[in-house]
Amino acid sequence: MNPRPFRIYLPATADIGSIFGTISTMLRAVGWDLGYKYDEFMRPTSGPNWLEALRQKRAQGYNPAPMYKQRLNLRDPAFCLREPAKNSDSPLREVLPKTPAFYDLMETVANIRNAEFHFESLPTLDRLEQHAKQVAQLAQQADLPLKHEMGAVLTRIGQLKAGNVPPPAKVAELMRQVQRSQEQLRIAAAQLAEARDAAKATAAAHARLEHLETEFEAMQDELQLAQRAVQAANHQTRETAPDVDASRLRPGDPWPVPPEGRPLRLLTRVVDLYDCEAVALLSDEVGSVAVDAARRWTELLPNGGTVILTDSGAGVALLGATWSYLGSLDSD
Amino acid sequence: MSRFQIGPAVLMVPEHAGTEVETTDMGGNPHKAIEVAGVVAAGEVLLEITHQRWEGGGQCVVTSRVDSPPAYDRVVNRLRMGILAHDDGTDVCELAIAKWDHKNPFGSMRQATMADLDAPLDGSASAILVEAGALDLGLRSEVLADEGRRRNYLCARFPSGNAVGPLAAFVMTRVVPMLREQGVSA
């Protein structure tokens, strides 16, 4: 069974950050799925140290590639793609289609990885679509688990190209996803702590420790992605919320009506806003804009205090005895 | 943002590069430091805590009890936790535990075992520290090859400049025992 703990990120918008997210998770998934496929095949016949044995064999050969000069990582797409594509005697070819066209495809995807991680150019939707088509072909032909995700990726890219922006995912559902990720991370941390203790006692536990360390890192990445999705969804919700027209107000101006919204506490030293009802910092929900806003609003409220945050993201607080506009969460 | 459940408390630390401040170390010497502050919440209690890191070391301290009951004044600017920058580029914190009694109402730090740390958490201290980024934890003699008088004290090693890990250790060893002493449950 493939225990890959993350899914390919579906872009919610056509902005560069979302495209980066999709490219990065897609290429990581290629490495992860291929690595597991190889390991499942090699371990029973060549033992648990097959990867290091293969590395040493390549390192002793004629003009070895630089990647064989250091410890190999089974989830690295560069190794998983280039080893079978470049070496006709590679034992990994046994679990792959044996056609020259397939090895060319592996080379192409390896070149995509290289170009993307060396920041050859800024990504666009067209480029992402080309990459996704190549990866989909590779996943289909090699029968990788990620083939089941590529359909959704290509559909989403098509929607974005046609201007049909998908509706924002429900914030509550995304928050639940973050909580699930946090819970998984907590369980993984407990297992990792246990494995580190065990590894001190026995060398055999080292392999399990390495596996858990990698999974722990992947789960941290997944949690970050989930948090970013929540922040993006919250941003869209604020943009569409009806509220007082604050476009003509400047920070410090009186707010025209009694403010309605969430009471938050501006913490000047923490540089964030605290929601005592949710027991959470605002930056958890909306990202770094909360930190930037807290910094700006501290100029008007140097000792902190209660701030009412309206649905559209306007900060309102009592300055003296007057409800006053502090500024918008999203802009300075 | 980083968020950790530590026994009855929730530690929250926003993600930003920190603020440059001037501070004094435990010997009273002034330093330019980078400060990352977070909050600890548990029921009606809300404490502001900071991690200050200067060249060669740092400290964690409660800076404000915000609207918490006055009893929590006993941890404000007291029971600080020192951070030692180790030669291998990591930060090391000692894991002693705060204790109070009628003779010593302001508390002091006492040597602890892992079981002492686990007890007020109703869980595993090592799991929380690993979640917060600990690279290693154990006796100073094991982690630092310390042969001095404190070799049997527990300590944790974190990547250099990691504010969240030391703050989690600080909450675990000072704030949570204080919450328990005040009768706060999960």
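Leaving aside neighbours within four places in sequence, Ala33(B) is in contact with Thr19(B), Glu20(B), Val21(B), Thr23(B), Gln52(B), Arg53(B) and Trp54(B), where contact means heavy atoms within 4.5 Å. The model is predicted: local features need pLDDT of at least 70 and side-chain atom pairs count only at pLDDT 80 or more, whereas totals for chains, interfaces and linings use all residues. Residues are numbered from 1 along each chain as its sequence is written, chains are lettered from A and ligands numbered from 1 in the order in which they are written, and side-chain values use heavy atoms, with hydrogens and water left out.

Ala33(B) belongs to strand S4 (residues 30–42) of chain B; strands (E, at least two residues) and helices (H or I, at least four) are DSSP runs, numbered from the N terminus. With a relative accessible area of 1%, Ala33(B) is buried; the term denotes under 20% relative accessible area, while exposed denotes over 50% and partly exposed the range in between (1.4 Å probe, protein chains only). Thr19(B) is 14 residues from Ala33(B) along the chain, and the C-alpha atoms of the two are separated by 8.2 Å.

A nonpolar core is a set of buried Ala, Val, Leu, Ile, Met, Phe, Trp, Tyr and Cys residues joined through side-chain atoms within 4.5 Å. The largest such core holds 49 residues, of which Ile6(B), Leu11(B) and Val171(B) touch the most other members. Helix H4 (residues 164–181) of chain B supplies the largest share of this core, eleven residues. Apart from this core lies another, of 47 residues, including Tyr38(A), Phe79(A), Ala85(A) and Val153(A). In chain B, residues up to four places away in sequence not being counted, Val171(B) touches Ile6(B), Ala9(B), Leu11(B), Val40(B), Ile49(B), Val176(B) and Pro177(B).

In chain A, helix H5 (residues 125–142) has 18 residues, which at 1.5 Å a residue should span 26 Å; the end C-alpha atoms are 25 Å apart, in agreement with this value. The expected span is 1.5 Å times one less than the number of residues. The buried residues of H5(A) include Leu125(A), Glu129(A), His131(A) and Val135(A). Among the elements that cover the buried residues of H5(A) are helices H1 (16–46), H3 (77–86), H4 (100–117) and H6 (147–161) of chain A.

H1(A) packs against H5(A) at an angle of about 15°, with the axes 11 Å apart. Axes are lines fitted to C-alpha atoms, for helices over the stretch in contact, and angles run from 0 to 180 degrees between N-to-C directions. The two helices, H1(A) and H5(A), are therefore roughly parallel, a term for angles under 35 degrees. Residues of H1(A) that meet H5(A) include Ile19(A), Thr22(A), Met26(A) and Lys37(A). Thr22(A), which lies in helix H1 of chain A, counts as buried at 0% relative accessibility. Residues up to four places away in sequence again excluded, Thr22(A) touches Ile8(A), Tyr9(A), Leu10(A), Pro11(A), Leu128(A) and Val153(A).

Most residues other than glycine have a negative phi. Asp143(A), although not a glycine, has a positive phi of about 55°. Asp143(A) lies in the loop between H5 and H6 of chain A and is partly exposed, with a relative accessible area of 45%. Ala145(B), likewise not a glycine, has a positive phi of about 55°. The loop between helix H3 (140–143) and strand S12 (154–159) of chain B contains Ala145(B), which counts as exposed at 57% relative accessibility.

Definitions and conventions: Parallel < 35°, antiparallel > 145°, perpendicular 65-115°, else oblique.
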